[in-house]
Amino acid sequence: MCSVDGERGNWTSREVFEQIVSLLDRLGEEDLNSVPAESMGDDQIALQRIGNRVQAEGLRRLRRFDGGEGYAPSGALSARAWLRWRLNLTTTAASERVAMSRKLVALPKTEQALADGDISYRHATLIAETASQLGDKFEAHAETILVDVAKEVCPWRLQRAIWHLKHCLDSDGVLSDANKAHGRRFLQLSQTLDGVYRIDGWLDAEGGAVLNSALNSVMGPRLADDDRSATERRADAAVELARRQLDGGQLPEVGGQKPHLAVSVEMATLSKEPGSMAAELEWSQPILAETARRLACDAAITPIIDGEADHTSRVVPGSTRRALIARDKGCRFPGCDCPPAWTDAHHVKHWADGGPTTLDNLILLCRRHHRLVHEEGWTLELAQDRDLVAIPP
Ligand SMILES: [Zn+2]
Ligand SMILES: [Zn+2]
């Protein structure tokens with residue numbers, strides 16, 4: 001009888017595969033509760049190395065399969081097509097694997113390091129890609145350097161070493177890569193039907209680093225009571241970055257006006273009268289009454305009340321703000337140490353409810369805590385020593 005994969009004879013592999021499978025079965029049967037948890041670390045290392053060796057052996061056998069057209073009897077037209085069919089790989093994965101098995105012929109040190117378990121398949125593909133990209137400029141000692149680095153670091157760091165190596169061996173190529181990367185930059189800011197914005201983009205290395213350091217600086221170190229995820233903190237930092245630019249007044253004018261955000265709101269909405277209209281942010285986006293109250297709280301965003309821009313009444317006068325900064329020294333929310341520049345002046349009793357814009361009715365709150373107090377329903381109470389106590393809703 002002849003199977004589509006060709007008859008399997010008594011080669012070493014048949015016996016070895018049976019042994020490997022039965023050894024894996026034995027591992028799977030081990031009761032891990034009776035093994036010290038710390039020994040699992042050594043197991044992770046051992047299994048990772050075995051996995052690397054299995055990958056190397058797989059590539060070595062794939063090369064023979066590919067070169068000897070071992071796929072032909074099954075009717076497949078190429079090793080790639082066979083891999084897609086029998087291993088359920090994607091076209092990309094199948095192509096990459098066949099290409100790797102071929103490329104490793106010219107990269108004996110890489111193949112050996114993978115076969116020894118010292119580097120992973122991902123490391124090997126990075127080295128192989130580099131060799132293809134550099135062509136004649138990729139010398140034997142370059143492979144030695146990269147394999148030595150790959151044994152010590154993760155693929156991401158290896159990629160950086162590769163970048164440095166390319167810079168030495170092929171600076172023109174690096175320049176053209178950088179220009180291609182720059183050419184792929186884009187930033188999409190689109191609004192969904194329910195008003196939420198979605199950001200999608202691609203920046204070159206420099207642009208990404210500039211944005212990243214600005215965001216990190218705005219984010220600052222994470223506070224103990226901050227339960228936001230890293231991505232939530234980054235989203236808040238991006239908005240804060242833009243807000244500071246708008247507040248700073250250094251941005252160029254648009255249509256003869258300094259760019260700013262206006263909120264249109266009826267007085268009835270601000271004083272939370274039942275049945276009042278929603279407030280609207282620029283471009284007619286409805287926002288919550290409570291959000292409008294927060295935005296109007298510091299009057300940092302010009303409220304358009306009942307159709308008229310309100311520039312005067314509730315703006316915290318410079319002298320009051322200076323006194324407020326001297327007194328509060330930053331966000332007053334318990335445990336927060338946000339500096340004054342990142343805070344709003346919050347009316348403890350909102351001016352729409354008749355609260356005065358005077359020092360004893362104002363406290364500094366950072367944007368996050370200001371939102372917590374307005375939209376998320378936290379209340380702040382003054383303790384006897386003038387410390388604030390925050391009470392969750
Ligand atoms: Zn407020
Ligand atoms: Zn705060």
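**Figure 1. Thr 379 in strand S10.** Thr 379 sits in strand S10, which covers residues 379-382; helices here are DSSP runs of H or I with at least four residues, strands are E runs of at least two, and both are numbered from the N terminus. This is a predicted model, where local features need pLDDT of at least 70, side-chain atom pairs count only at pLDDT 80 or more, and totals for chains, interfaces and linings use all residues. Residues are numbered from 1 along each chain as its sequence is written, while chains are lettered from A and ligands numbered from 1 in the order in which they are written. Thr 379 counts as exposed because it has 12 C-beta neighbours inside 10 Å. For the burial labels, a residue is buried if 20 or more other C-beta atoms lie within 10 Å of its own, exposed if 12 or fewer, and partly exposed in between, with C-beta atoms placed from the backbone. Pick out Val 315 as well: 64 residues separate Thr 379 and Val 315 along the chain, and their C-alpha atoms are 23 Å apart.

**Figure 2. Strands S8 and S9.** S9 (residues 362-366) is mostly covered, with five of its five residues buried. That goes for both faces: Leu 362, Leu 364 and Cys 366 are buried on one side, and Ile 363 and Leu 365 on the other. S8 (residues 343-347) pairs with S9 in the antiparallel sense over five bridges; strands count as paired if DSSP finds at least two bridges between them.

Figure 3. S1 (residues 186-191) is hardly covered, and the count of buried residues among its six is zero. Six bridges join S1 to S2 (residues 197-202), and the two run antiparallel. Leu 187 stands opposite Gly 201 in S2. Five residues lie between the two strands of this hairpin, and Gly 195 in the turn has a positive phi of about 95°.

Figure 4. The 15 residues of H10 (residues 205-219) should span 21 Å at 1.5 Å a residue, and the end C-alpha atoms are 21 Å apart, so the two values agree. The expected span is 1.5 Å times one less than the number of residues in the helix. Gly 220 comes after H10 and has a positive phi, near 65°. H11 (residues 230-248) has 19 residues and should span 27 Å; its end C-alpha atoms lie 26 Å apart, which agrees. Here the glycine that follows is Gly 249, again with a positive phi, near 70°.

**Figure 5. Domains 2 and 3.** The protein is divided into domain 1 (12-26 + 42-181), domain 2 (187-248) and domain 3 (262-391), with bounds that come from an automatic or database domain assignment. The C-alpha centres of domains 2 and 3 lie 23 Å apart. Six residues of domain 2 are in contact with six residues of domain 3, contact being C-beta atoms, placed from the backbone, within 7 Å. The domain 2 side that touches domain 3 has one nonpolar, one polar and four charged residues. In this scheme Ala, Val, Leu, Ile, Met, Phe, Trp, Tyr, Cys and Pro are nonpolar, Asp, Glu, Lys and Arg are charged, and the others, Gly among them, are polar.

Figure 6. Glu 69 is in the loop between H2 (39-67) and H3 (79-87). Though not a glycine, Glu 69 has a positive phi of about 50°. Glu 69 is exposed, because 12 other C-beta atoms lie within 10 Å. Asn 88 is in the loop between H3 and H4 (91-103). Asn 88 is not a glycine either, and has a positive phi of about 55°. With 9 C-beta neighbours inside 10 Å, Asn 88 counts as exposed.

**Figure 7. Helix H9.** At 1.5 Å a residue, the 13 residues of H9 (residues 171-183) should span 18 Å, and the end C-alpha atoms are 18 Å apart, which agrees. The number of buried residues in H9 is zero, so the helix lies largely in the open.

**Figure 8. Confidence and residues 1-6.** The protein averages a pLDDT of 87, and 93% of the residues score at least 70; pLDDT is the predictor's confidence in each residue, from 0 to 100. Over residues 1-6 pLDDT stays under 50, and the model has six contacts beyond four places in sequence for them.

Terms used
Two residues are in contact if their C-beta atoms, placed from the backbone, lie within 7 Å.
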